[in-house]
Amino acid sequence: VVFGLFGVLRHQNNIAASADTNIYVSEKTTGDIVSINCQNEDMPFEFNLKDGSWVLASDETFPVSTEIVNEFLEKGNNLIAARLVSSDGDYERFGLNSPQQTITLTDSQGVSVTYLIGSYNENIERYYACEKDSQNIYIINKSVGDVLVQDLYSYAASYDLSGLSKATLLSFDCVTPESQVSVFQTEKDQNSPMGSSSIWRFSQPFNSDTFVDANKVDSFIAKLKTAAESKCVSYSPDEADIENYGLLNPQSSFKLTYTTDSGEKQAVMYLGKENEDGSIYIMFEGASTIGLLDSETASSLKEYFDCYKFVPQSICAVKKDKVDTMTVTANGTTYNFAFTDNGYTLNGTPCSDESFEAFYNKLSGIVSNTHSSEAAQTAAGEDSFTITYHFKDTSYSDVTAVYTPYDSNYYTASCGQMSGRLVNKRSVEGVLSLLEAV
């Protein structure tokens, strides 16, 4: 029993010892930080948490980037060292007598700790750091030190889009010299025969009968809000700075109209010069900062200049209970289907409900994730598969979908004003097989 108990205790002690093997610059532990004070020779500053948001103590109108402050706290709160390098307190040797940054963090319980960030050693690619007045001197990783020695302007957000959401967005435009995509929010049409229940419609380049995928609008909003939090590269830029970043006469932009507590608001984000790594400089109309979009966000946002980025995956999903008749042409044969109270008829003769519904459901499930401008030029021919829907409510115009062989792997699909959408050949062939079964 004694040896068994000893073994259990030893095991528990080993777990406790291995639970946290980090080396901390300070023995103090700070919790949720509410104040960040940074002292340096050029521009000292202090951020305070006020009503859940970070503000600059000396100017609460300064556009503080929550994302960048959070990154700072992730790196700096309870600062972790790579290793201890000295316990002799020789601050001058490690650049700690005149530190690049003196950082005081205060948590919600009033516990404060002050860190000194000293010289950067290029040979080992590390910064020297210590707690103020401590004899122990450590090295910290470059990725940590780079964040901790940032100047004030590095914390400036490009723009405040905190009020933007799918609930507040009313309309938006994605504009380049070659194209414009315009989308607006409308009331949900409960009587629409189309399968989409989206409240978003195109106004350009398609007409307002064309639905926009609501999930893609959500993703678009998220990317814009990320862009608004991008790192500031210039605060209060002059005309020369604006020109240098390619923003004096920008050609591409995103224009947003959304609601706020004080009424409608417009925000315009301009895209400037693109760097070799794919990052892009941006500036919001009326803002005092120029931001830098990282390459991933920049690439994602540029995709939205293509109208097909916003279209639903479905080529032509139509609610079955809204259809009166349907005309299908395939392989030179025309099939006239009628939807009656007693089931379905084909060319005036009752047909198997089960076979027809298998065909109809497969047809409605045809999707596309790819658009080709070249495929859009492919004309319909005798080998095209064509479906025209005639609705019970005649206030809605007929809708026609056409699938035309494109290459060995794809059909090109068109519906309404959209064309050139590539559909897997097997998907169409599967529908045609079910049509023959009917």
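Colleague: What does E60 count as at 45% relative accessibility?

Modeller: This is a predicted model, in which local features need pLDDT of at least 70 and side-chain atom pairs count only at pLDDT 80 or more, while totals for chains, interfaces and linings use all residues. Residues are numbered from 1 along each chain as its sequence is written, and side-chain values use heavy atoms, with hydrogens and water left out. Buried means under 20% relative accessible area, exposed means over 50%, and partly exposed lies in between (1.4 Å probe, protein chains only). Because its relative accessibility is 45%, E60 counts as partly exposed.

Colleague: Which side chain meets that of E60 in a salt bridge?

Modeller: A salt bridge requires a side-chain nitrogen of Lys or Arg within 4 Å of a carboxyl oxygen of Asp or Glu. For E60 the N to O distance is 3.0 Å, and the partner is K50.

Colleague: How many residues apart in sequence are the parts tied together by K50 and E60?

Modeller: Helices (H or I, at least four residues) and strands (E, at least two) are DSSP runs, numbered from the N terminus. K50 lies in strand β3 (residues 45–50) and E60 in the loop between β4 (53–56) and α2, so the parts that the pair ties together are separated in sequence by 10 residues.

Colleague: In which helix does the salt-bridge partner of K166 lie?

Modeller: K166 forms a salt bridge with D218, with 4.0 Å between the closest N and O atoms. The pair links distant parts of the chain, 52 residues apart: K166 is in the loop between α3 (142–148) and β11, and D218 is in helix α4.

Colleague: Where does E357, the partner of K320, lie?

Modeller: K320 and E357 form a salt bridge, the closest N and O atoms being 3.9 Å apart. The pair ties together parts 37 residues apart in sequence, because K320 lies in the loop between α6 and β19 (323–330), whereas E357 is in helix α7 (residues 353–364).

Colleague: What kind of aromatic pair do F339 and Y344 form?

Modeller: Rings of Phe, Tyr and Trp (its six-membered ring) pair if their centres lie within 6.5 Å; planes under 30 degrees apart count as stacked, over 60 as edge-to-face and the rest as tilted. This rule gives 31 aromatic pairs. F172 and F220 form a tilted one, with 4.6 Å centre to centre and 40 degrees between the planes. For F339 and Y344, with 5.3 Å centre to centre and 90 degrees between the planes, the pair is edge-to-face.

Colleague: Is F339 buried or exposed?

Modeller: Ring pairs link F339 into a cluster with residues including Y335, F337 and Y344. Y344 counts as buried because its relative accessibility is 11%. At 10% relative accessibility, F339 likewise counts as buried.
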